[in-house]
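This briefing covers one chain, from its overall dimensions down to individual residues. Please view the sequence and the structure together before reading on.

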Amino acid sequence: IGVTALDREGESHELSWEPDQSLMEALRDNGLPVLASCGGTASCATCHVFLDPELVGRLGERSEDELELLEETEYYDEATSRLSCQVAHDAALDGITVRLAPEEE
Ligand code: FES
């Protein structure tokens with residue numbers, strides 16, 4: 001499926017998100033600067049992204065680990081923040097826009 005990613009400079013990138021990838025992997029493997037230092041286990045927060053609030057609602061509850069970590073980040077926004085490593089591929093997500101959160105200080 002196709003995803004539009006906005007990098008930290010606001011530049012737009014069209015990516016292909018394969019079924020075996022988390023959203024973090026799709027971003028990283030397409031060359032976006034997502035460090036993912038924990039390897040996708042919801043423990044580093046370097047894969048923090050912002051999604052459309054309506055979409056965040058549709059994706060359902062964040063796990064306790066994800067929420068705890070997000071709440072500790074500087075740019076956490078309840079309506080739009082997700083850890084991209086915790087967003088699984090889903091054909092219904094075709095065409096979404098994802099924005100990388102600023103890097104933590
Ligand atoms: Fe570390 Fe997502 S890759 S929290």
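Contacts between residues 24 or more positions apart make up 62% of the contacts in the chain that have a separation of 6 or more. The model is predicted, with a mean pLDDT of 97 for the chain. The chain contains 3 helices and 5 strands, and along the sequence these follow the pattern β-β-α-β-α-α-β-β.

**Confidence**
- 100% of the residues of the chain reach a pLDDT of 70 or more.
- The scores of the model are ipTM 0.99 and pTM 0.96.

**Overall dimensions**
- The radius of gyration of the chain is 12 Å, close to the 13 Å given by the globule rule for 105 residues, so the chain is as compact as a globular protein of that length.
- Along the principal axes, the C-alpha atoms of the chain fill a box of roughly 30 × 25 × 25 Å.
- Of the 105 residues, 27% count as buried.

**Sheet**
- The 5 strands form an open sheet in the order E2-E1-E5-E3-E4, and the pairing is mixed.
- Strand E2 (12–16) and strand E4 (81–83) are the edge strands, each pairing on one side only.
- On average, and with direction ignored, neighbouring strands of this sheet are turned by 35° against each other.
- Strand E1 (residues 2–6) pairs with E2 in the antiparallel sense, over 5 bridges.
- E1 and E5 run parallel and are joined by 3 bridges.
- Leu6 has a bridge partner in each of two strands: Ser12 in E2 and Arg99 in E5.
- Ala5 stands opposite His13 in E2.
- The hairpin of E1 and E2 has 5 residues between the strands, and Gly10 in this hairpin takes a positive phi near 85°.

**Nonpolar core**
- The largest nonpolar core holds 20 residues, of which Leu23, Met24, Leu27, Val34, Cys47, Val49 and Leu83 touch the most other members.
- At least two residues of this core come from each of helix H1 (23–29), helix H3 (64–72) and strand E5 (97–100).
- H1 gives the most to this core, namely 4 residues.
- Nonpolar side chains tend to be buried together in soluble globular proteins.
- Beyond its neighbours within four places in sequence, Met24 is in contact with Val34, Ala36, Gly40, Cys47, Ser84 and Cys85.
- Among these contacts of Met24, Val34 and Cys47 are also on the list of core residues that touch the most other members.

**Ala45**
- Ala45 lies in the loop between H1 and strand E3 (48–50).
- Is Ala45 buried or exposed? Ala45 is buried, because 23 other C-beta atoms lie within 10 Å and the cut-off for a buried residue is 20 or more.
- With neighbours within four places in sequence left aside, Ala45 is in contact with Leu69, Leu70, Thr73 and Leu83.
- Of these partners of Ala45, Leu83 is named among the core residues that touch the most other members.
- Ala45 and Asp20 are 25 residues apart in sequence, and their C-alpha atoms are 21 Å apart in space.

Terms used. Residues are numbered from 1 along each chain as its sequence is written. This is a predicted model: local features need pLDDT of at least 70, side-chain atom pairs count only at pLDDT 80 or more; totals for chains, interfaces and linings use all residues. A nonpolar core is a set of buried Ala, Val, Leu, Ile, Met, Phe, Trp, Tyr and Cys residues joined through C-beta atoms within 7 Å. A residue is buried if 20 or more other C-beta atoms lie within 10 Å of its own, exposed if 12 or fewer, and partly exposed in between; C-beta atoms are placed from the backbone. Two residues are in contact if their C-beta atoms, placed from the backbone, lie within 7 Å. Two strands pair if DSSP finds at least two bridges between them. Axes are lines fitted to C-alpha atoms, for helices over the stretch in contact, and angles run from 0 to 180 degrees between N-to-C directions. The radius of gyration is taken over C-alpha atoms; the globule rule is 2.2 Å times the number of residues to the power 0.38. pLDDT is the predictor's confidence in each residue, from 0 to 100.
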